[in-house]
Amino acid sequence: MNRFICGLLTLLCVLLAAAAQSESDSDADSGLSIGVALGSGGAGGLAHIAMLQVFDDKGIKPDEIAGTSIGAVIGVMYAAGLSAAEIRDIFDDFSGSNLDALSKLMKRNSELRLRDLLRLDFDNGGVFDAGGFIDFITGKFEAETFEELKIPLLVVATDYWTGEAVVLAEGDLAAAIKASMAVPGLFAPVKMDDKLLLDGGMSNPLPYDLLADDHDLIVAVDVSSTRSAGEDDEPEVLDLLFSTFEIMQQSIIAARMQSEEPDIYVKPDTSDIRLLHFNRIEKILEKAEPAAQKFADELDAYLER
């Protein structure tokens, strides 16, 4: 009889512990359906990693991600199952000049020389062939199609012929990411069916609107770069070209924000971070930390409701 009672008490303790764990897991999951938009912004988009780290710290996974350009690059890695820390490690080894850093991204073998990066692609409408970069990124996870991702992902590109945003959500991941980051004048456009696709930042640089009807909480991370004037600073030709692209993106975001805002809008400081500053990840994440902390506080406020 004593053994029976002891066994019964043990079973009761196990059931109570399991119930407590289930309640804890439910709390971590929050019960909210969360959609996250990761915006366009060149190397400044590495700040996305700091925001994804907030989700990891809280044991929460978004239910869906929408990404444009660098937001699509970071988004696909996270949607494929990599943690924010693992994504950071991938970008953390770069040093040297801007192009040196990019050259390590462009090829799997980091010992390749700079000239291995500069594969001119003028015939296809760009300066660089992004194929090596795409191989590098997609080589870090197993998924090859949208259907194989652990978190649903929407990738935004722009149709050259119509100027409209094109949302890619099925089929080949590599082609979609390549299209979304096809910055005019830098990377060649991507032919897909009857479309010629360019960087999604030209049409929808912060695609939170794609998530609005399907989730309880919409988080939008805006990494579009800001500029600060110096006493003797005059932008060089390339700076003017890419800054013009950034100004256009900021105008699109501002116009959209006037009609519909996300539940949580996160704007990390990306000032003085240029398009190819992938070698400055430490500085980028340091500058993003105040925004990440603010985001964490705002997320807590929603979870406590």
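Take Ala 220 to begin with: its bridge partner in strand E8 is Tyr 265. E8 covers residues 264-266, and it pairs with E7 in the parallel sense over 3 bridges. Two strands count as paired if DSSP finds at least two bridges between them. Strands here are DSSP runs of E, at least two residues long, while helices are runs of H or I with at least four, numbered from the N terminus.

This is a predicted model, where local features need pLDDT of at least 70 and side-chain atom pairs count only at 80 or more, though totals for chains, interfaces and linings use all residues. Residues are numbered from 1 along each chain as its sequence is written, and side-chain values use heavy atoms, leaving out hydrogens and water.

Back to Ala 220, which is also the bridge partner of Ala 37. That link belongs to the parallel pairing of E7 with E1 (residues 34-38), joined by 5 bridges. How many residues of E7 (217-221) are buried? It's 5 of 5, where buried means under 20% relative accessible area, with a 1.4 Å probe and protein chains only. Leu 217, Val 219 and Val 221 cover one side, Ile 218 and Ala 220 the other.

Now for two helices. H2 (residues 48-58) packs with H4 (residues 84-91) at about 150 degrees, with axes 8 Å apart. H2 and H4 are therefore roughly antiparallel, a label for angles over 145 degrees.

Terms used: Buried < 20%, exposed > 50% of the residue type's maximum accessible area, 1.4 Å probe, protein only. Axes fitted to C-alpha atoms, helices over the stretch in contact; angles between N-to-C directions. Parallel < 35°, antiparallel > 145°, perpendicular 65-115°, else oblique.
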